[in-house]
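The following exercises ask the reader to work through a structure step by step. Each task is followed by its solution.

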Amino acid sequence: MAEAGTIRLGLVGIGKIARDQHLPALAADGRFALAATASRNAQLDDVAGFPDIDAMIAGVPDLQAVSLCTPPDGRYEQAASAIAAGLHVMLEKPPTSTLSEIAALEEQARARGVTLFTSWHSREAAGVAPAREWLAGKRIETVRITWREDIRRWHPGQEWILGAGGFGVFDPGINALSIATRILPDPLLLDSAWMEVPEGRASPLKAELTMRSGGAVVTADFDFLQTGPQTWDIEVDTDAGMLTLSMGGSILQLPGADAQKASDREYPRLYARFAELVGAGESEVDVRPLQLVADAFLLGERRVGASFSF
Ligand code: NAP
């Protein structure tokens with residue numbers, strides 16, 4: 001039986017991120033009780049399991065919230081069902097596969113009086129908040145984003161990621177954009193982009209973006225075929241020296257200082273924020289990282305690359 005005041009939550013899409021991060025974060029957070037799961041092929045011991053979100057909503061009448069860990073394409077329908085049933089909704093990143101979908105969900109959540117939370121886990125990395133604070137008031141000259149990882153290592157067999165609405169290399173790349181839009185004081189705007197889509201697939205394995213933020217040129221190099229050491233770095237040249245955020249935002253290096261590193265608390269912090277929003281009766285919907293990816297698809301030159309298999 002859940003404690004009074006806990007949020008009875010259903011977890012949807014029991015795959016890699018649900019198991020690696022959501023389940024441990026929920027188990028450690030007394031503000032939530034995992035009431036049920038919805039997944040076509042997976043079920044957990046000791047938790048009521050349903051094949052899809054509608055069956056879960058019908059089968060667990062006292063459910064209060066859902067957290068969606070499915071791929072972005074298809075999440076709109078799941079979130080819309082949950083909102084219509086009066087449930088609070090937390091979305092994995094990217095929140096939806098289109099901007100129209102997230103705008104519609106925001107309106108539906110507002111009309112129904114429930115919380116909608118677009119989570120961006122990389123923004124909760126230890127170095128991000130102090131980086132934002134340090135950059136405030138500095139003159140930013142250039143920003144270099146290098147986000148290179150091995151699709152086969154981090155997304156084994158995830159065919160959906162290279163399909164339409166799967167985002168391809170923008171699935172990790174949007175994490176870098178979520179950090180950049182958080183730490184840079186001025187809006188981040190796209191100037192040009194190219195991307196390479198493997199033959200027979202719909203989403204890219206490589207992309208490069210040139211952006212601007214105030215007077216600064218911001219470049220992003222996204223590569224999904226990086227074997228060996230993996231790179232998730234952002235370097236910011238300022239009038240006070242260079243700031244480096246590495247390992248996805250977890251290590252912060254400021255000029256003349258020792259590197260700052262703290263333990264990974266990204267998902268515990270996301271759930272803490274979700275509980276806070278539910279308690280306050282508020283939503284948090286930030287689409288800026290998704291807008292930049294959409295802009296890259298609007299403006300970017302598309303090249304066809306060699307075919308790819310996992
Ligand atoms: P995943 O391992 O493929 O898990 C997603 C789960 O969703 C699947 O196991 C599947 O479970 C369910 N699902 C429902 N509809 C599906 C469909 N049409 N196609 C495929 N699966 C479907 O993916 P993931 O890596 O956990 O990623 C899910 C979301 O989390 C993505 O938005 C991703 O960007 C985000 N994320 C991933 C990571 C990571 O390191 N992998 C990190 C942070 C965030 P059933 O077959 O049981 O329905």
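**Exercise 1. Locate Leu91 and decide whether this residue is buried or exposed.**

Solution. The structure is a predicted model. Step 1: Leu91 belongs to strand S5. Step 2: the relative accessible area of Leu91 is 0%. A residue counts as buried when this value is under 20%, so Leu91 is buried. Step 3: apart from residues up to four places away in sequence, Leu91 touches Leu68, Arg75, Ala79, Ile102, Leu105, Leu116, Phe117, Thr118 and Ser119. Step 4: Ala48 is 43 residues from Leu91 in sequence, and their C-alpha atoms are 21 Å apart in space.

**Exercise 2. Determine how many residues of helix H3 are buried, and which elements they pack against.**

Solution. Step 1: helix H3 comprises residues 75-84. Step 2: of its 10 residues, 7 are buried, and H3 is accordingly described as mostly covered. Step 3: the buried residues of H3 are Arg75, Tyr76, Gln78, Ala79, Ala80, Ala82 and Ile83. Step 4: the packing partners are strand S1 (7-12), helix H2 (53-59), S4, strand S5 (88-91), helix H4 (99-112) and strand S6 (116-118). Step 5: after H3 comes Gly86, with a positive phi near 85°.

**Exercise 3. Describe the surroundings of Thr70 and state whether Thr70 is buried or exposed.**

Solution. Step 1: Thr70 is placed in the loop that runs between strand S4 (65-68) and helix H3 (75-84). Step 2: with a relative accessible area of 14%, Thr70 falls under the 20% limit and is therefore buried. Step 3: when neighbours within four places in sequence are set aside, the contacts of Thr70 are Val12, Gly13, Arg75 and Gln78. Step 4: with Gln78, the side chain of Thr70 forms a polar contact of 2.8 Å.

**Exercise 4. Examine two prolines, Pro94 and Pro187, and state where each one lies.**

Solution. Step 1: Pro94 is in the loop between S5 and H4. The peptide bond that joins Lys93 and Pro94 is cis, with omega about -20°. Step 2: Pro187 is in the loop between helix H7 (170-183) and strand S8 (188-198). Step 3: the relative accessible area of Pro187 is 58%; this is over 50%, so Pro187 is exposed. For Ser213, the separation from Pro187 is 26 residues in sequence and 5.5 Å in space, C-alpha to C-alpha.

**Exercise 5. Explain why the ligand is said to lie between two domains.**

Solution. Step 1: the domain assignment gives domain 1 (7-118) and domain 2 (126-261 + 294-305). Their centres, taken over C-alpha atoms, are separated by 27 Å. The contact between them takes 9 residues from domain 1 and 10 residues from domain 2. Step 2: both domains give residues to the shell around the ligand, so the ligand lies between them. Step 3: this shell has 10 nonpolar, 8 polar and 6 charged residues. Of the 24 residues around the ligand, those that come nearest are Ser39, Arg40, Asn41, Arg75 and Asp171. Step 4: a polar side-chain atom of Ser39 is 2.6 Å from a ligand oxygen atom. For Arg75, the corresponding distance from a polar side-chain atom to an oxygen atom of the ligand is 2.7 Å. An N or O atom in the side chain of Asp171 is 2.6 Å from an oxygen atom of the ligand. Step 5: taken alone, the ligand exposes 870 Å², of which the protein buries 80%.

How values were computed:
Residues numbered from 1 in each chain as written. Predicted model: local features only at pLDDT ≥ 70, side-chain atom pairs only at ≥ 80, totals over all residues. Heavy atoms only, no water. Near = heavy atom within 4 Å. Polar contact = N/O pair within 3.5 Å; in protein donor to acceptor, adjacent residues only side chain to side chain. Areas by Shrake-Rupley, 256 points an atom, 1.4 Å probe, with all protein chains shown as cover. Nonpolar A, V, L, I, M, F, W, Y, C, P; charged D, E, K, R; others polar. Domains from an automatic or database assignment. Helix = DSSP H or I, 4+ residues; strand = E, 2+ residues; numbered from the N terminus. Buried < 20%, exposed > 50% of the residue type's maximum accessible area, 1.4 Å probe, protein only. Contact = heavy atoms within 4.5 Å.
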